[in-house]
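Colleague: Please take a close look at one part of this model and describe how it sits among its neighbours.

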Amino acid sequence: MFFEEYGALLLQATGETLYMTVMTMIFGYLLGLPLGVFLYVTDKESISENHVVNAIVGWIANMLRSIPFIILIVVLIPLTSLVIGTSIGPTAAIFALVIGAAPFIARMVESSLNEIDRGLIDCAKAMGATNLQIITRVLLPETLPSLIRGMSIVMITIIGYTAMSGTIGGGGLGDVAIRYGLHRYEPEVMWATVIILIIMVQVIQVVFDFWAKRIDKNV
Amino acid sequence: MIEIKELTKEFIEKRAENNLVALDHVSFTIEKGDIYGIIGMSGAGKSTMLKMIGLLEKPTSGTITVNGRDINKLEGIEKINYYRSIGTVFQGYNLLMQRTVFENVAFPMKLTKYDKKAVEKRVFELLEIVGLKEKAYQYPSKLSGGQRQRVAIARALANNPEMILCDEPTSALDSLTTNSILKLLKRINRELGVTIIIITHEIEVVRKICNKVAVLDHGKVVDNGLVSEILKYKRHEITKSLLGDEDEEEEGEEEL
């Protein structure tokens with residue numbers, strides 16, 4: 001039986017993919033959210049305009065985003081060893097994933113923030129709000145539904161990235177698909193991983209859409 | 001109380017030969033308790049004028065003196081306090097759409113140390129004034145344009161401002177709603193003694209609630225003074241054109 005033979009393997013791989021994805025989401029947003037806010041506030045005509053700094057940070061973000069993830073993993077190996085202590089295994093994979101995802105998250109956050117009406121910011125300023133208050137009480141709460149919709153896109157992209165973590169022994173569904181489907185030519189296993197991934201993506205999309213809709217009061 | 005002297009604002013135009021002069025040596029004085037109208041066609045410099053009084057733009061030259069102090073020389077806490085002494089009402093309402101009416105009105109009060117009970121009491125007081133007490137826990141998306149502007153007015157009053165700046169407050173509203181918003185502003189002026197500065201392109205607004213008016217054209221004040229006199233003598237071409245065809249309909253005017 002297929003499930004008797006591969007069930008445990010697939011279950012473990014699913015667990016690894018979820019683990020890497022969730023950890024990357026957490027650390028990716030811890031890094032990417034402030035970075036996105038920073039890009040927004042330092043932009044032209046924003047609340048803390050700083051052209052030079054904005055250009056430098058924006059350039060770094062673009063540079064990181066232009067490297068295909070599989071190459072980024074390899075490029076990062078020395079840095080990963082330095083920071084994590086090893087360049088193989090799931091934790092090392094998460095480190096690379098976070099570096100890959102953070103600039104993407106920053107740009108997603110920035111584009112959500114750009115949806116906000118400039119008049120609202122002027123208005124908060126006119127009421128005597130400090131820049132920090134504008135960020136925490138106007139920008140982020142007002143764009144929350146959009147940020148959440150962005151999260152589903154980010155999370156699905158990260159799942160795609162995790163498929164490459166097998167390269168450095170991170171495991172996960174992508175790794176199983178390549179080892180069994182490609183190297184051993186056992187297509188059933190590959191198809192099983194594909195089905196699991198499809199279900200995962202669908203569930204994420206539905207859950208985040210529902211969440212965003214539920215909290216959005218501007219409808 | 002608000003003395004505007006030789007106020008000039010130029011915007012740097014990179015490609016053009018000359019800078020765009022939004023305001024050109026503008027001077028006039030607004031007294032405490034006035035409902036002062038600033039009227040002009042679009043592009044006349046009205047919004048720039050209001051933004052400078054509200055300290056959202058810096059003038060190129062000239063001064064704005066409020067209660068004897070040049071507002072562009074205010075620093076730190078004094079600047080913040082100046083911001084808090086003015087309430088602003090915008091054409092587009094600028095409400096926080098993800099927060100309830102209550103939270104919107106409470107917003108300016110919660111920017112400093114506050115007492116929860118006192119804020120709650122004040123919010124309901126303000127909602128009473130604008131007649132929206134029963135909508136306290138609704139979200140702005142569920143309100144009409146006029147109701148949204150009432151929320152914005154309540155919010156502008158939150159910190160007991162000395163003056164309220166209104167940027168085309170009724171331009172997005174129909175005439176019936178416009179009347180009720182203007183009535184509300186007039187009542188606030190009378191009962192709370194708040195100075196109101198209102199910029200508009202509609203002579204109706206000036207006629208209905210302002211006691212004084214400055215007519216702006218291409219960055220210059222071409223006429224200013226008491227509304228009664230300005231409308232009577234129509235000294236300037238622009239004043240005439242702003243009055244437009246309305247002369248014929250004058251009899252039917254509703255007094256507020």
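Modeller: B:Leu216 stands opposite B:Val221, a residue of strand 10 of chain B. Strands here are DSSP runs of E with at least two residues, and helices are runs of H or I with at least four, both numbered from the N terminus. The model is predicted: local features need pLDDT of at least 70, side-chain atom pairs count only at pLDDT 80 or more, and totals for chains, interfaces and linings use all residues. Residues are numbered from 1 along each chain as its sequence is written, while chains are lettered from A and ligands numbered from 1 in the order in which they are written.

Strand 9 of chain B pairs with strand 10 (residues 220-226) of chain B in the antiparallel sense, over six bridges; pairing requires that DSSP finds at least two bridges between two strands. The hairpin they form has two residues between the strands, and B:His218 takes a positive phi near 45° in it. Strand 9 of chain B also runs parallel to strand 3 (residues 35-39) of chain B, joined to it by four bridges. There B:Ala214 of strand 9 has B:Ile38 opposite.

Six of the six residues of strand 9 (residues 212-217) of chain B are buried, so the strand is largely enclosed by the rest of the structure. Buried means that 20 or more other C-beta atoms, placed from the backbone, lie within 10 Å of the residue's own; 12 or fewer is exposed, and in between is partly exposed. B:Lys212, B:Ala214 and B:Leu216 point one way from the strand, whereas B:Val213, B:Val215 and B:Asp217 point the other way.
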